[in-house]
Amino acid sequence: MEQGAAVQAAAPPAPPTVPAESPGDWIRKNLFSSVGNSIVTVLFVLIGYAALRWLVGLVLDEERNWAAVWTNMRLLFSYTYPADQYIRIWVSLGLTLLMVGLTLGAFASQVRLSLGGLLTRIGAAGLALLVLAIVHMVDLFGLTFHSPERPVVVMLVVGAILAAIGFGGRQAVGAGSDDERTVPLFAVVAGGALAFVLFLWLVPFGRYEAIGGDVIAEPGTVNFTTKFPWTIMMALLVGGYLAGLAARAITGSTAFRLFLGLWWVAGPAFLVFLVLRDPEFDWAHIWSTDLPMALGFAIGGGALLYFLSAPGRGEVARIAGAVLLLYAAFNWLAAFGDLNLPGLGTINWQWYPFASPPAGVEGTSMLQKARISFLLLALVALIAPNFAGELRTRLRFVGAWAGFMLLMHWLITGINTPSTVQVVQPPFLGGFALTLVIAYYVMLASFPVGMMMALARTSKMPIFRVLATGYIEFVRGVPLITVLFFFANIVNLFLPNGMELSDLGAIFLGYTLFSGAYMAENIRGGLQSIRRGQFEASDALGLTTVQRTAFIVMPQALRVSIPNLVGQAIATFKETSLIAIIGGFDFLRVANQSVPSQPGFLGQNLPALLFISVIYWIISYAMSRGSRSLETRLGVGTR
Amino acid sequence: MAVIDTTQSVLASSQQRPPIWRNSGVLKWVAQIVVLLLVLGAFWFLGSTAIDGLAAKNLTPSYEFIDGPANIQPSEGIDTAPSSAGRLLWVGMVTTLQVAIVGVILSTILGVLVGLARLSNNWLANRAASFFIETLRNIPVLVQIFLWFYVMSNTLPDLEAGEGRRFFILSQKGVSIPRIFYDDGFYQWLAFIALGIVPIVLARRYFNARQAAQGGQNLAGPATLAILAVFAIVGWFANSVMSFLGGIFGSNETAVDRVNEGGIAGAWQSIPQSLMQLLLTLAVFGLAIGFIIRFLNSRRTPAGLAKLTDDDYFRMIFAVVAAAFMTLVFWVLWPGLSSWIINSGSDFWGWLGDKFGDDRGTRPLDGMLPTVSDGRFANYGPTGATLTVFRAALLVGLVLYTASFIAEIVRGGILAVAKGQTEAAAALGLSRSQALRKVILPQAFRVIMPPLGNQYLNITKNTSLAIAVGLSDVVQVGQSVFNKNGQSLAVFTIWMAFFLACSLTISVIVNFINGRLEIVER
């Protein structure tokens, strides 16, 4: 009792001070705490030594001609995109980096990194370089010592400098103060950009060029045509960050976030289809047909939806939706030409002005995008009463529809217009750019597929559930490569005359359907984590099924499934490499086939493959780290 | 009175049904049936377009090519000069299965080791495992397979030419190790060992009872091993006594001879087709009725049968319809299925019967050393087990990639075991390794098993990347077949059937193990 009173009376005790650990103590505690532990340590030192020595030897071997990578950077990243049009690549990259900067500025302005941790990482990287260099020089088993070659000297020097900066800085900052000393993310991004620019302008990396099969490697810094654009790119990234910070403060976050969200959906398409493809638009056709049609659907459809979403018009909307749906279905039926019913004769659609003309006859049929738009309008009209409400709500609903219509019509027109970029081999994109574009759009497009399938699979309606389950389990049971084979070789057989999918379109479609099944399983996991109470509460509020799904269930389910969705995105990005097998010139195919077949670099597969593995690794690793920090910020699993 | 009035009006209004276009029950079914018809219509339409288009190109889908000549030689496999295209596809399937099974075993071992190292107290082991995982799982597996392929063919030594036998050959062309294979007496030996089951069961019963009565160590395990060893050693020399089984199993002759020969194969062969059809029908309906009974039992509450939803009725009707459809398949759509089952059952017993007999040698297992002839590994004849560089690259790439995922699964599973379990095990005086073996791993296994099954599925599907290095797996040979004869649709369905069968097998096994591991709650 007395002791308790004494403790209470005393001032709150200071947090226990951890005595600084000497390196010797640390080693004893973590490496040699017991006999078994010491054996493990020795074992892993030997394994690690052998593995690292093998790896460094593989990279530094004289048979590896790393000029194969340095000369072929353009080929690897953009394949045979014409050099005189290369400004288009830079503009696209610049805009993307600018938007990355803006997004970081708007969303991650609060993020601060621990200075101590950062310095430790730099020091560890330096130490790793030193270890690699030493492992390469010292042959432990033969007890000999190699005199270092030039790359090893560079490794030693850079490693020593980094280790000195890292651990020296750590000492200066003071150990044990990780929590207090932080730097904003901006400083890290700007510092990284600056370091990269300085590297380009100051470090004598060598100037590599291939002229007519001869590789020319001159001493000096990298080519001006490389370092100058990259300097601007880095300036755009940092400038975008600053602009994002400012824009967020000025415009308020909601509008700015909406703008950024729109950009990340539509912007890449803008870059790919308009900037990179340089389509040859038929302006007369656009003014006479495309634009009026798009505006008609946006405004006319919008007006209809505005009418239908007034409170109390549920009945009208259902009838209008059903009529529109029938009309849309009829349009598709008529599109396929005469219908042969076995035993019943042929149904002829030629009385309908928008039907497809028979083969060999000139005539106009309805544009595919109009058919799609009618179908979408019918579906949206059916759910319009669920978005009924005040004027503001209805206007937002109509605005979303109109924006979506304009975007879709523009996109379809852009895709269907031939490209003017002259390339050796279609499609116009290849290398890393193709990998990135396919991965991005497959992720984006498989999302709605997955969401629909997840909802259908968890639905209480048996036929929907059976169909969705069948689709998901079938796709998940077969390898991606067979699906891609199917779509690359066979799918066009299934399409009626006059319809055809381009190679890239077929791959994209197949990959999206494949990825959608996995996406569905991830979202289903989220859906199943929603408590029953949420459903009951929304029923008690009188919400309809659509409202409950859109406003209550889905937002929570998606938040729970974020880690899995990012995992899926990483898998999608990695598996894009399978396109190389079915004939697309993606990052892997360029590295594994185009580069090693050049006369100067015959058989040099390994340098290019090692290089692309590093690039793949950086992106996948960054994504997984990003998802981990997003998880923490959203508080998944802690609420 | 007023109170009664309101009650009656409420009753009246609740009995009044909503109009049909506003009745959600009706609307739901209408929507479902419309979508079902649309899907079926789309399938029918696309399918008939494809068949018409193919017929116009003289490529009507058919499976007749399976019996036709192969025209292609697989680069390696159980048969490098297959007699028919069907045999060629079978060679590819066996290669796929070999790689998948070896890959599953090796990646599990490596994954568990790395996962345990990731949890180690030892800083170096921990970091090394973390480096392994983070590096390998963030690089596409196809890139890794290519990397291994070029690393092996660029850095390994040349295959030394000349004849000769060595114990171990590591070269650019592949790895070769001594091979152990079944010799003639193998099946007789297995049958002899199987005789040991009787003494094993008796001994186990005795030792278990003794431990229950007297305590102390349970000697059932060592006794089992000892009896097995005795039977294996005696059987090694005396296996020919089991040759009489050959007569019981029957022999591998033509169908008519087999019936005359008697034995199980003959009995199986003489089953009439209609009897087999009847048995299959009964089995399918038995399954459906069993499902319905179990389903209804699961809905039984203390207050009686719970109210069944549309969905529940659908499940039961679906079971009956599926059974009826299968009956249709057995009797009308594919009557050949029954005779196929009869023939292959008889084939199996006949084949087994042929493995027994007086003329069999007595040695169950034998070995061979790697052989090099003409600067390449011998494919046939007395030679070692050779892993060509193609297969090695695929296997190493798949195993390392999958092991990095399995390691994370193992680590997650072990961390999911509550800390109190470790502490309780320590309090009971178990050593660290005992605690791991008897307390933590069995519980972690429950968490680990479902995602582990997924990884097994992944490795099986990823064997299809063999096509990248030119290894003749089922996808690669399938592609060469349809490049030759244009039967892409038929080959595609064979691929799908094969991979779906593999997936289904793995999920059945994993679900079975999961069921065994589940906590039984009272």
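How many residues of domain 2 of chain A are in contact with domain 3 of chain A? Four of them are, and they meet four residues of domain 3 of chain A. This is a predicted model, and the notes below walk you through chain A and then a helix pair in chain B.

**Domains of chain A**
- Chain A is split into three parts: domain 1 covers 61-81 + 424-639, domain 2 covers 84-274 and domain 3 covers 281-417.
- On the side of domain 2 of chain A that touches domain 3 of chain A, the residues comprise four nonpolar, no polar and no charged.

**Ser594(A)**
- Helix 23 of chain A, spanning residues 587-594, contains Ser594(A).
- Ser594(A) counts as buried because it has 20 C-beta neighbours inside 10 Å, and 20 or more is what that label requires.
- Between Ser594(A) and Gly431(A) there are 10.0 Å in space, C-alpha to C-alpha, although the two are 163 residues apart in sequence.

**Helices 3 and 4 of chain B**
- Helix 3 (residues 85-118) and helix 4 (residues 123-136) of chain B have axes that come within 7 Å and cross at roughly 130°.
- The crossing of helix 3 of chain B with helix 4 of chain B is left-handed.

Terms used
Residues are numbered from 1 along each chain as its sequence is written. Chains are lettered from A and ligands numbered from 1 in the order in which they are written. This is a predicted model: local features need pLDDT of at least 70, side-chain atom pairs count only at pLDDT 80 or more; totals for chains, interfaces and linings use all residues. Domain bounds come from an automatic or database domain assignment. Two residues are in contact if their C-beta atoms, placed from the backbone, lie within 7 Å. Ala, Val, Leu, Ile, Met, Phe, Trp, Tyr, Cys and Pro count as nonpolar, Asp, Glu, Lys and Arg as charged, and the others, Gly among them, as polar. Helices (H or I, at least four residues) and strands (E, at least two) are DSSP runs, numbered from the N terminus. A residue is buried if 20 or more other C-beta atoms lie within 10 Å of its own, exposed if 12 or fewer, and partly exposed in between; C-beta atoms are placed from the backbone. Axes are lines fitted to C-alpha atoms, for helices over the stretch in contact, and angles run from 0 to 180 degrees between N-to-C directions. A crossing is left-handed if the near helix is turned anticlockwise from the far one by less than a right angle, and right-handed if clockwise.
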